[in-house]
Each structure stands twice: as C-alpha cells, then as structure tokens.
Amino acid sequence: MSNTVEFARMNGLGNKILVVDMRGRKDKVTPEAAIALNADPATAFDQIMAIHDPKASGTDAFIDILNCDGTKAQACGNGTRCVVQALSSETGRKSFTFQTVAGILNAVEHDDGTISVDMGKPQFAWDRIPLSEEFFDTSRIELQIGPIEAPILHSPSVVSMGNPHAIFWVERDVMSYDLARFGPMLENHPMFPEKANITLAQVTSPSSMITRTWERGAGLTLACGSAACAAGVSAARTGRTARTVEIDVASSVPRGTLQIEWRGDDHVVMTGPAVWEWSGRLDPVTGVFTRDEQQAEVLAR
C-alpha cells in the first residue's frame, strides 16, 4: 500500500478505539475512510483518535476525533487514554498536553498503568450544552420517553463535557432498559440541536454508580469516558453522590470501572485503563489497511 500511516487498534474498557498517527502530514482521516474502517469487523470502532502535529504552543499534539459514522466528535475520554498509552510507549514520557476542538486536555500515565485525563470544566448553561429551549436549572429538565402518567425515562440532568450529555436516573438494572430502541430517539430529540450522548445511571452508594451509554454518532457503546464524567458530575450536582465516584460501566468487556473526580477547581479528572490490541498501517483517504502481524491487505467495506 502507498500513502499509508501507522495505526493501533486499542480499547478503553471495551470502547473500541483506532489511534492513527497523522504527524508530519497536512491531510486528515476522511469520513469515507472512517466509514470503510468501521464496516470491517477487524477495525470496527467507536472513535478514531488521529494524532496531528501540535497547533498551539505548549501542547504535544492536536487530536482530531471521528465517530464511526464519519462525523466529528469534540471529546473522547477513553480514546484520550489510548493516545496517552500509545505515545508513552513510543517516547517513555508519562505526561502529555493535547489540544482538541473542545479545548486543552492534560493527561498522565501512572505507575500501575492507569491513566488520568483532566477533561476540563463541565458546562451547565443551557446554551453552552446546547439545548434548543432555555432552562434555568439544567440539573433536571422536562424530557421523557413513554406515557405521560408512567414514563419509562424522564427528567434527565444535562451537561456538556465538551460534548452534550443527558443523564437519565434509573432505579433498576441499566441493562434491563431497551437503550438500543430509546437511544436513537433521544440522541436526535429536537431538544438537542447538536444531538446528545444518552446515559442511564443507577446510583448504588454515595461513592458508586452503574452506567450504560448510547453514544452520539456511534450508537450503543461498551464504554464512554465523557459520559462517565457527565454522570459523575451530575450525580454530585444533584446530591446523589460525593464529588469522587467509582463508575461501573455495565456494558464494558471485560466489566470495569472508571474513577471520576470533580475537583474543587471545577475540573473533572477521569482515571482508568487503556489496552493495546494490535497495530498496522492504513490509508487515511480510503480506509484500506494491513495488520502488522499478518501483512495481508484488507479492504474495509
């Protein structure tokens, strides 16, 4: 293959990530390449994290993020941890500063292999999330699915973690809800002009909860780091938990947790694992790729 770049297939709590090295190039991974890569079971993903040369002084890289449908994403916490692990393995460094369209992210790899990402400050103002209607209090907005007298889901907390999130509080097992059916309707609800990530959250103690997420532009996902941040912040904001919470991501494979800390300076820090699976090379225009261990060309279709 010609005109190819290195990439790695990784995951954060099962959140499928492709880390693509675009440093030294002026072009980008195309939406067509993203769609083609996602169509192949070997490279099906939730987000592509494309590493570009830094644009701002004091940063190590600019990260361009694509969803599996080819659309742009503003933030991806699980993907950021994967980028940190990849660059740490390459350079031996432990701390990094990245620029994304959502802002600056600082991250560090710990001695135990877990990675902490400062996801920045949550945004609660209705027009910063954004919502299509004005709400003075976004910790609970008027939105429901199901009959008016007995809604299945209702009154979510909404927040932006660089991307819009709606957190629906539930009392029973988050896996017992048909999120595959409700997710698309809520993601595309007129209340969310830029669509939204939809999370079901069950609080299990003042310091723990269980979540499951329908991810904007990706669908039913095994894990979503920014959604975990949104759930942790929203739980503390509504008095359901303390400001540090362990989140059991119910659909992650293997089952795992993220620690979310909403610090006193208003920044949200997410800590969790990242796992390398395999690496190869791909064409960022077409999505054609090879796996290093096989050196067999595969056309994503």
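This is a predicted model: local features need pLDDT of at least 70, side-chain atom pairs count only at pLDDT 80 or more; totals for chains, interfaces and linings use all residues.
Residues are numbered from 1 along each chain, and side-chain values use heavy atoms, without hydrogens and water.

**View 1. Lining of the largest cavity.** The search of the whole structure returns 2 cavities of 30 Å³ or more (a cavity is a set of points on a 1 Å grid where a 1.4 Å probe fits but cannot get out; lining residues have an atom within 4 Å of a point). The largest has a volume of about 60 Å³, a volume being the space filled by probe spheres set on the points. Its lining includes Q47, N67, E215, R216 and C224, and divides into 3 nonpolar, 6 polar and 2 charged residues.

**View 2. Lining of the second largest cavity.** Among the lining residues are T211, R212, T213, L222, V249 and S251. The elements giving two or more residues are β14 (208-215) and α4 (225-237) (DSSP runs, helices of at least four residues and strands of at least two). Strand β14 gives the most, with 3 residues. The lining comprises 6 nonpolar, 4 polar and 1 charged residues.

View 3. E187 is buried (under 20% relative accessible area, 1.4 Å probe) yet has no salt bridge (a side-chain nitrogen of Lys or Arg within 4 Å of a carboxyl oxygen of Asp or Glu). The nearest side chain of opposite charge, K195, is 4.4 Å away. A polar atom of the E187 side chain lies 3.1 Å from the backbone nitrogen of G217.

How values were computed:
On a 1 Å grid over the protein atoms alone, a cavity is a set of points where a 1.4 Å probe fits but cannot get out, and a pocket is an open set with protein on both sides within 12 Å along at least five of seven lines; lining residues have an atom within 4 Å of a point. Ala, Val, Leu, Ile, Met, Phe, Trp, Tyr, Cys and Pro count as nonpolar, Asp, Glu, Lys and Arg as charged, and the others, Gly among them, as polar. Buried means under 20% relative accessible area, exposed over 50%, partly exposed in between (1.4 Å probe, protein chains only). Lys and Arg count as positive and Asp and Glu as negative; His and the chain ends are not counted. A polar contact is a pair of N or O atoms within 3.5 Å; within protein, one must be able to donate a hydrogen and the other to accept it, and residues adjacent in sequence count only if both atoms are side-chain atoms.
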